[in-house]
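Here is a short note on the structure shown below. Please read the points in order.

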Amino acid sequence: MKVAEELASELSELLQADYDELLYYVNLLLKTPAIYSADAERDGLVIRNHSGNVVPIHPRMAISNLYRISLLKHPEVRNNRKRIDEIIAKLISLSSG
């Protein structure tokens, strides 16, 4: 899905984070098949439900988790907060539609 690729790419650049991890999360959020990413689970983008299935957490929480991790490694990520918030809003809209 092109939208997923574009959002993951931009978030990856803004957060200086792993593209594949973000693509997995966005695809899962949009209910598109994706190859599992252990990094997404480690970084708090997804959790396992009671059945053991991986589910994405709400975009506000997921991207905030990754944002905090990114800030520790790259403090300049703070300069991108406004655009990151805009993408979070878009993810919320896309995932609830």
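1. Tyrosine 24 is buried, with a relative accessible area of 5%. Tyrosine 36, at 39% relative accessibility, counts as partly exposed. Buried means under 20% relative accessible area, exposed over 50%, and partly exposed in between (1.4 Å probe, protein chains only).

2. On the source: this is a predicted model, in which local features need pLDDT of at least 70, side-chain atom pairs count only at pLDDT 80 or more, and totals for chains, interfaces and linings use all residues. Residues are numbered from 1 along each chain as its sequence is written, and side-chain values use heavy atoms, with hydrogens and water left out.

3. How many aromatic pairs are there? The count comes to one. Tyrosine 24 and tyrosine 36 form this pair, which is edge-to-face, at 5.8 Å centre to centre and 80 degrees between the planes. Rings of Phe, Tyr and Trp (its six-membered ring) pair if their centres lie within 6.5 Å; planes under 30 degrees apart count as stacked, over 60 as edge-to-face and the rest as tilted. The pair links distant parts of the chain, twelve residues apart: tyrosine 24 is in helix H2 (residues 19-29) and tyrosine 36 is in the loop between H2 and helix H3 (38-42). Helices are DSSP runs (H or I, at least four residues), numbered from the N terminus.

4. Among the residues of H1 that meet H5 are Val3, Leu7 and Glu10; the H5 side includes Arg83, Ile84 and Lys90. Contact means heavy atoms within 4.5 Å.

Notes
Helices (H or I, at least four residues) and strands (E, at least two) are DSSP runs, numbered from the N terminus.
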